Amino acid sequence: MKGMAELLRSGATMLSRSCPECSSPLFQLKSGEIWCANCQRRVVIVPEGEEATAEAGLELESLERALVKKISAMEGTLATEDTPAKLKEVAEVLDALLASLERLRRVRKG
Ligand SMILES: [Zn+2]
């Protein structure tokens, strides 16, 4: 656990950027890591370093989580559907969801 004062004493520098989670000022540690003293966690800033980019990264992350959730929900639907027409429908939706997930992961990797 490192407070702001302690961070500064250890040679960390306060950045002009703020934490995307709590809006507290972020610190850059001597090791180069970006740290939020309020959340007590490392904050990952996507290259370019702009706050907007970091926020977009977070949005993609929650989008990915939502997609994964939907895909596992479809698994239950698939197990209970018996009619070929319905199954085809479910398979099509699954296909679209998986394609979105794959594309999303490609975008996140850059
Ligand atoms: Zn924070």
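**View 1. Burial and contacts across the predicted chain.** In this predicted model, buried residues account for 8% of the 110 residues in the chain. Of the contacts between residues at least 6 apart in sequence, 30% join residues at least 24 apart. The secondary structure consists of three helices and four strands. Along the sequence these elements follow the pattern α-β-β-β-β-α-α.

**View 2. The four-stranded sheet.** The strands form an open sheet in the order β1-β2-β3-β4, and their pairing is antiparallel. Strands of a sheet pair through backbone hydrogen bonds, in either a parallel or an antiparallel arrangement.

**View 3. The pairing of β1 with β2.** Three bridges connect β1 and β2, which pair in the antiparallel sense. Within this pair, Thr-13 stands opposite Gln-28 in β2. The two strands form a hairpin with six residues between them, and in this hairpin Ser-23 adopts a positive phi near 70°.

**View 4. Ser-23 in the loop between β1 and β2.** Ser-23 is located in the loop that lies between β1 and β2. The phi angle of Ser-23 is near 70°, a positive value in a residue other than glycine. Is Ser-23 buried or exposed? Ser-23 is exposed, because 10 other C-beta atoms lie within 10 Å, and a residue with 12 or fewer is classed as exposed.

**View 5. The pairing of β2 with β3.** Strand β2 (residues 25-28) and strand β3 (residues 34-36) run antiparallel and are joined by three bridges. Which residue of β3 does Phe-27 stand opposite? The residue facing Phe-27 is Trp-35 in β3.

**View 6. Gln-40 in the loop between β3 and β4.** The loop between β3 and β4 contains Gln-40. Its phi is near 60°, a positive value in a residue other than glycine. Gln-40 is exposed, with 10 other C-beta atoms within 10 Å.

Technical notes. Residues are numbered from 1 along each chain as its sequence is written. This is a predicted model: local features need pLDDT of at least 70, side-chain atom pairs count only at pLDDT 80 or more; totals for chains, interfaces and linings use all residues. A residue is buried if 20 or more other C-beta atoms lie within 10 Å of its own, exposed if 12 or fewer, and partly exposed in between; C-beta atoms are placed from the backbone. Two residues are in contact if their C-beta atoms, placed from the backbone, lie within 7 Å. Two strands pair if DSSP finds at least two bridges between them.
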